[in-house]
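Biologist: Please take a close look at a single part, the ligand and its surroundings. Which atoms does the ligand meet there?

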Amino acid sequence: MSENTEFSRERQIEVYVSGMAGDKPHVPVDVGRLRDAARERMSPEAFAYIAGGAGTENTMQANRDSFNRYCIVPRMLRDVSQFTTSTQVLNTQLPSPFMLAPIGVLDMAHPDADTAVARAAADENIPMIFSSQASRSMEEMAGVMGQSPRWFQLYWSKMDDLVVSFVQRAEESGCEAIVVTLDTTMLGWRIRDLDLAYLPFLRGRGIAQYTSDPVFMQSLKEEAAAPAPARKITLQSIQGLLEMVSNHPGGMLDNLRSGEAIAAVQKFIATYSRSSLTWDNLSFLREHTQLPILLKGILHPDDACHAVDVGMDGVIVSNHGGRQVDGAIGAFDALPDVVSAVDNQIPVLMDSGIRTGADIFKAIAMGAKAVCLGRPYVYGLAAGGYDGVREVLRNFKADFELTMRLSGCRFVEEITRDHIKRIE
Ligand code: FNR
């Protein structure tokens with residue numbers, strides 16, 4: 001316990017003193033109102049893509065319900081004047097026990113996209129997990145982060161040499177761990193996107209890691225692109241083509257002439273993920289990186305044990321924010337069995353449904369080392385760009401610190417199962 005920075009007090013004073021001069025926070029503090037503010041700034045397609053889940057969205061609801069079934073039971077008279085919220089996961093230092101979940105296609109939320117998020121994360125020293133489906137290359141994000149910590153999330157492509165290239169680039173970009181997302185070997189059945197007939201990747205969005213990759217781009221040159229399937233020419237199809245071409249690196253006219261933008265989208269769609277992936281593939285990754293490897297999307301305790309057995313360095317309990325298997329177990333419901341199966345051999349993280357500092361506290365009490373924040377920071381980005389993300393991060397830090405201290409805990413390791421109680 002080294003610090004005693006009273007960050008929560010600093011944040012409260014910042015807000016209330018600004019209020020004396022008539023200023024309100026850039027973005028709403030309440031996550032529900034934040035989501036509404038984000039919705040107002042986004043196209044219906046962007047909002048559907050970010051806010052939506054799979055099927056009936058029952059799993060999105062389960063993520064919240066599972067937190068609500070547990071209450072915090074605060075303890076009194078425990079001298080919480082000396083405290084710290086910082087913690088360490090593997091070799092990464094966290095000022096507060098949360099990091100930023102990998103989220104793709106952030107340019108749908110705001111034109112500054114991943115760069116604004118990376119800057120805000122760095123300014124708050126909160127680790128960011130770069131997405132394989134980012135709108136900016138990992139080099140560009142790393143370039144605005146200084147020494148601030150970052151990890152890389154991998155979608156395992158059908159091209160092994162691309163997997164190796166991504167991992168090498170992540171190492172060179174200063175990433176301290178690789179997170180392999182296991183739950184999205186196919187895209188879930190996302191009703192809102194289907195109703196709007198909108199998939200960002202077809203418009204060349206969210207494929208910046210690929211179009212900035214030498215292996216991927218070389219593969220385009222080696223293979224003649226398959227001719228695009230014949231479609232009706234409509235105003236929308238022309239707009240879609242122009243969007244695709246403008247999202248590709250280089251000049252629009254050159255991209256139109258060369259056909260490279262279309263080829264990149266086709267290649268991405270054909271190769272982005274591998275449904276044949278099994279536990280045996282993981283040794284390939286192990287051979288190609290010295291970095292710790294975490295598996296994201298673990299929900300069953302036996303899969304968690306398996307991760308330990310094959311030498312993985314951590315697991316992230318997650319149902320992808322309810323975007324993959326509708327009807328899947330709430331992530332917080334899945335956490336205790338995974339924690340006991342892993343039995344402290346490797347760190348367990350979690351995401352899906354974290355909306356307040358209290359949720360972070362409950363996850364830690366249930367045995368998570370840290371959590372990943374998802375949609376809330378994207379809503380901050382949509383509603384207020386860099387400032388919006390930064391405020392969201394500051395609010396989560398302050399909220400967690402207050403929850404921890406008001407519950408009678410001085411540091412993260414002091415938060416135990418004894419601090420929460422199931423109410424049904
Ligand atoms: C995601 N998520 C995700 N996960 C991942 O491993 N790679 C990715 O590129 C993405 N992209 C992505 C886009 C959008 C719009 C969302 C909402 C989510 C899942 C993400 O990392 C995390 O698991 C969820 O966001 C957690 O759920 P909540 O807390 O956001 O509801």
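Modeller: An N or O atom in the side chain of Ser 318 is 3.4 Å from an oxygen atom of the ligand. That counts as a polar contact, a pair of N or O atoms within 3.5 Å. A polar side-chain atom of Thr 181 lies 2.6 Å from an oxygen atom of the ligand. With Gly 353 the backbone takes part: one of its N or O atoms is 2.9 Å from a ligand oxygen. The ligand taken alone exposes 600 Å², and the protein buries 98% of that area; accessible areas come from the Shrake-Rupley method with a 1.4 Å probe.

This is a predicted model, in which local features need pLDDT of at least 70 and side-chain atom pairs count only at pLDDT 80 or more, while totals for chains, interfaces and linings use all residues. Residues are numbered from 1 along each chain as its sequence is written, and side-chain values use heavy atoms, with hydrogens and water left out.

Around the ligand stand 23 residues, and the closest are Pro 102, Ser 131, Thr 181, Arg 355 and Arg 375; a residue is near a molecule if one of its heavy atoms lies within 4 Å of it. This shell divides into seven nonpolar, 11 polar and five charged residues. Here Asp, Glu, Lys and Arg count as charged, Ala, Val, Leu, Ile, Met, Phe, Trp, Tyr, Cys and Pro as nonpolar, and the others, Gly among them, as polar.

As for the whole protein, its C-alpha atoms fill a box of roughly 70 × 55 × 40 Å, taken along the principal axes.

Conventions: Polar contact = N/O pair within 3.5 Å; in protein donor to acceptor, adjacent residues only side chain to side chain.
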